Amino acid sequence: MSDHVYKKLELVGSSPDSIEDATANAISRAAKSVRDMRWFEVTETRGHIVDGKVAHWQVTIKVGFTLEP
């Protein structure tokens, strides 16, 4: 088994639909330029309220990716 070293990247994703979609949006966008992503953790959750209803979700996540040798 080889040793793994990871780096963490902080991202903020948003969605009008859900926290899950906001997370998925951040990860899918990062996947266009970051290789070897392995895990994520949600560190903050926020929302925007309009007329007494949730209008938008925003999440801050930390994504771990493997460093290349």
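Guide: Helices (H or I, at least four residues) and strands (E, at least two) are DSSP runs, numbered from the N terminus. The model is predicted: local features need pLDDT of at least 70, side-chain atom pairs count only at pLDDT 80 or more, and totals for chains, interfaces and linings use all residues. Residues are numbered from 1 along each chain as its sequence is written, and side-chain values use heavy atoms, with hydrogens and water left out.

A22 is buried, at 0% relative accessible area (buried means under 20%, exposed over 50%, partly exposed in between, with a 1.4 Å probe and protein chains only). Beyond its neighbours within four places in sequence, A22 is in contact (heavy atoms within 4.5 Å) with V59, W57, G13, S14 and S15.

Helix α1 also holds T23, which is buried at a relative accessible area of 7%. Residues up to four places away in sequence aside, T23 touches V59 and I61, as well as F40 and V42.

In strand β3 lies T66, buried with a relative accessible area of 15%. The side chains of T66 and R38 make a polar contact at 3.2 Å (a pair of N or O atoms within 3.5 Å; within protein, one must be able to donate a hydrogen and the other to accept it, and residues adjacent in sequence count only if both atoms are side-chain atoms). Not counting residues up to four places away in sequence, T66 touches H4, V5, Y6, D36 and R38.

One of those residues, Y6, forms an edge-to-face aromatic pair with W39, 6.5 Å centre to centre and with 65 degrees between the planes. (Rings of Phe, Tyr and Trp, its six-membered ring, pair if their centres lie within 6.5 Å; planes under 30 degrees apart are stacked, over 60 edge-to-face, the rest tilted.) Y6 belongs to strand β1 (residues 6–15) and W39 to strand β2 (residues 37–50), so the pair ties together parts 33 residues apart in sequence. Y6 is partly exposed at 39% relative accessibility, and W39 is partly exposed at 33%.
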